[in-house]
Amino acid sequence: MRRYLSLFIVSVFPILQLGAQDPPHKFKQLYQELATPNVYRTASGAPGPAYWQQRADYSMDIILDDQNQRIYGTEEITYYNNSPDALDYLWIQLDQNVRTPDSDTKKISTGGLSSGYYGQRAGTNQAGPMRVSLQMIQRLFHQFDGGFRLEYVKDSKGKDLPVTVNKTMMRIDLATPLKHGQKFQFSIKWWYNINDRMRDGGGRSGMEYFPEDDNYLYTIAQFYPRMAVYSDFQGWQNKQFLGRGEFTLTFGNFDVRITTPADHILGATGVLQNPQKVLTAEQRTRLQKARTADKPVLIVTQQEAENAEKYKATATKTWHFKAQHVRDFAFASSRKFIWDAMGVKFGDRIAMAMSYYPKEGNPLWGQYSTRVVAHTMKTYSKYTFPFPYPKAISVHTARIGMEYPMICFNGGRPEPDGTYSEETKYGMISVIIHEVGHNFFPMIVNSDERQWTWMDEGMNTFLQGIAEREWDENWPNWKGEPKNIVYYMRSDKVNMVPIMTNSESLIQFGSNAYSKPATALNILRETVMGPELFEFAFKQYAQRWMFKHPTPADFFRTMEDASAVDLDWFWRGWFFSTDHVDIGITQVKHYLAGDPDPEVVAAENKQTDAAQPEYVYFTRMRKAGFVAATQRNDELKDFYNSYDKYRVTDKDKKAYQRFMQSLTNEEKALIKKHPHFYEITFNNVGGLVMPVILKMTFTDGQQRVERIPAQIWQKNTEQVTRLFITEKEVTQFELDPCLETADTDRNNNYWPPKTELTRFQIYKSRGPGNRQGRPNPMRESKKK
């Protein structure tokens, strides 16, 4: 509705919202939520002058038993106490114990056959017989004999050490406290059965069996007892490994010797020390050529891998690797491996991008994997720091995505005929980007995964989305796109917890720990801070904490410290709450400053009055022939019955002239603009305060976007009213026009009101055993 204002000239002051209903808690600073700054971690988010961290060096001899699918190992650990504390005992992580028959992981697993955890009902209405896969039933009855078998734990003199094994943790009691600056050396001997990931419930490491050629592909991690982290902010991180909350690890140096069948090809963390003993002369030549190649060079060809599959060597060979300043070590080994590589330049240094994959991975893996590895190394480096490791490896095995320093294990397999769906292709590239990207977070920026999953998964998923878009600008559903998190954000709060929740207690794990923090960082970059401020601050965080142990407070504080942007409201809303974004337009009032010329005013008033609809009473009575008394009798009329209320008098004209003469040229120009005033009331329905992004469409079709900082909600976090002034009339207002804030309900984003169309697909239910797989146009095209 348009309203006219009488015009007068005043000084202009900012409009303030008064009378807020609730305390502005959403903008309260995070003083109570974050740890107090100290000499170890400063208020700026940087490591303090007395920052310290522990170190653990490993020397290992490992045997991969391909006949019995076992790992045998001995290790010597040298632990350096750089803390100011004297340690009475050490804690060792025994991650393989998560697979013991009586592990807590199995005891606390929830769900039932009818819950959808193990099975599903036929049809969409949950009617009819329940359907449970035979593979699931077999898995329920299968008992894998997993877990570490410790043969001894000895000190440097060969004396048995007193130990206490508590599920996935082992305590070593020291005879005398280990003081600051001292080191302690001890050795462990162990073995364990390697799990079949396809049969034993998946897992982050294990083996894949290929019955067609009777061969195994091993992806081996968490294979050795390893030091728990002792830190300034929590002491020992000895929270039990239950399977979901991943790893918290100490940096150190690794010297590892791995004995495998002589016909195996092995990739691992670190630099190969004995290529002359384990690679042929031709393989070494190809590897050297790959360093300066502009595309992947095959070190082991598919034909060579297929030849190796046919025979099983009885002899062995030992691969020797060294890795400096890494938090972990992993390897992959198989006679099935095709191996290709190419060099990636970082200044005057070359880091190798490599892929190991069985023939079942082609043609996808030969075409894409190593190129994607190189792309990821370069893209992530642009936003953090130059990739510091000598190589990054992508290993293919089915249905997995797992990361370790310099090596990762990735799924994404074509059909047996070599065709693949678009989903398979992009899924494979996506998982490679993600897992290679983990070299940056948390392998180098070494956060505590067991406590805060989002600090590596969320940040990595954010950068993954950038790398996906820089790989292909038409990438479908890139990670962290705000509109893709809407479904999760508007879900029932009973099924949501804040991002800052401990890993084991997360609900809707993927959305909470991956998608939501990635989306938050995208919004922070594109909408709240802007790319320039965000990228500088984000790079500061990465470089401050590379090869160190950051906490969430270090990240939050660094982002503010390096940008001069107060973001406590953002962290509180996105990371500490389950609020969602839903800002709506509640009311729009339209005002137009009237022309002070009395001739114009009279004409406008006459036109407005004439346009008013006739009241129904008069219409009805006139149709009935009724005539009012004054219209029947002229004697009842006087001056006011014939008076022209729209007539402009000489007095009116002179007053207008005096008014115009009193104005400055600037004031006269302002009057001639005839600006439109729009008083708009916004409601914060979802609770999460965000910037208000408003698009205006004018009568001539042109558009303008206003971006109002989130601080508009400081005085009242539930409702605000703001005045907008335009030179042209607005035909439509729209909130969040580019879908950049993850607004969960767009039906209240428009004025005049508009309901967005939601489409649904109709389908006919298929009976059991008659399901469609993923669309595969490539295969269909081959049939023509």
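What follows is a short tour, grouped by topic.

Keep in mind that this is a predicted model.

- Start with helix H6 (residues 364-383) and helix H8 (residues 454-471), whose axes come within 10 Å and cross at roughly 115°.
- The crossing of H6 past H8 is right-handed.
- On the H6 side, the contact is made by Tyr368, Arg371, Val372, His375, Thr379, Tyr380, Lys382 and Tyr383.
- H8 brings Asn460, Leu463, Gln464, Ile466, Ala467, Glu470 and Trp471 to that contact.
- Zoom in on Asn460, which sits in helix H8. With a relative accessibility of 0%, Asn460 counts as buried, because buried means under 20%.
- Who does Asn460 touch, leaving aside neighbours within four places in sequence? Its contacts are Tyr380, His434, Gly437, His438 and Phe441. Tyr380 is one of the H6 residues in the helix contact too.

- First, a bit of background: most peptide bonds are trans, and most residues other than glycine have a negative phi.
- Asn362 and Pro363 are joined by a cis peptide bond, with omega at about 10°. Look for Pro363 in the loop between strand E23 (349-357) and H6.
- Another cis peptide bond links Trp751 to Pro752, and here omega is about -5°. Pro752 belongs to the loop between strand E33 (750-751) and helix H20 (777-783).
- His674 isn't a glycine, yet its phi is positive, at about 50°. You'll find His674 in the loop between helix H19 (665-673) and strand E28 (676-684). Its relative accessible area is 30%, so His674 is partly exposed.
- Leu739 is another residue other than glycine with a positive phi, near 55°. Leu739 is located in the loop between strand E32 (730-735) and E33. A relative accessible area of 32% makes Leu739 partly exposed.

- Leu113, Met130, Leu134, Ile137, Leu140 and Phe141 make a nonpolar surface patch of about 560 Å².
- Which helix gives the most to the nonpolar patch? That's helix H2 (residues 134-141), with four residues.
- Ile137 is a handy one to click on, as a patch member that lies in helix H2. Ile137 has a relative accessible area of 30%, so it counts as partly exposed.

**One threonine and its contacts**

- Thr586 is part of strand E27 (residues 583-593). This residue is partly exposed, at 47% relative accessible area.
- Not counting residues up to four places away in sequence, Thr586 touches Thr681, Phe682 and Asn683.
- Thr586 and Val720 are 134 residues apart along the chain, and 9.8 Å separates their C-alpha atoms.

**Salt bridges**

- How many salt bridges does a search of the whole structure find? The count is 45.
- Arg413 and Glu208 pair up through their side chains, at 2.7 Å from N to O. This pair links distant parts of the chain, 205 residues apart: Arg413 is in the loop between strand E26 (407-410) and helix H7 (422-437), while Glu208 is in strand E11 (residues 206-210).
- Are these two partners buried or exposed? Arg413 is partly exposed, at 23% relative accessible area, whereas Glu208 is buried, at 5% relative accessibility.
- Lys645 and Asp609 also meet in a salt bridge, at 3.9 Å from N to O. Lys645 is in the loop between helix H17 (639-642) and helix H18 (650-661), and Asp609 is in helix H14 (residues 598-610), so this pair ties together parts that are 36 residues apart in sequence.
- Lys645 counts as exposed, at 56% relative accessibility, while Asp609 is partly exposed, at 37% relative accessible area.
- Asp160 bridges to Lys154, with the closest N and O atoms 2.9 Å apart. Lys154 is partly exposed, at 21% relative accessibility.

Conventions
Residues are numbered from 1 along each chain as its sequence is written. This is a predicted model: local features need pLDDT of at least 70, side-chain atom pairs count only at pLDDT 80 or more; totals for chains, interfaces and linings use all residues. Side-chain values use heavy atoms; hydrogens and water are left out. Patches are made of residues with over 30% relative accessible area and no salt bridge: like charges are joined within 9 Å, nonpolar side chains (Val, Leu, Ile, Met, Phe, Trp, Tyr) within 5 Å. Accessible areas come from the Shrake-Rupley method with a 1.4 Å probe; for residues, only the protein chains shown count as cover. A salt bridge is a side-chain nitrogen of Lys or Arg within 4 Å of a carboxyl oxygen of Asp or Glu. Helices (H or I, at least four residues) and strands (E, at least two) are DSSP runs, numbered from the N terminus. Buried means under 20% relative accessible area, exposed over 50%, partly exposed in between (1.4 Å probe, protein chains only). Axes are lines fitted to C-alpha atoms, for helices over the stretch in contact, and angles run from 0 to 180 degrees between N-to-C directions. A crossing is left-handed if the near helix is turned anticlockwise from the far one by less than a right angle, and right-handed if clockwise. Contact means heavy atoms within 4.5 Å.
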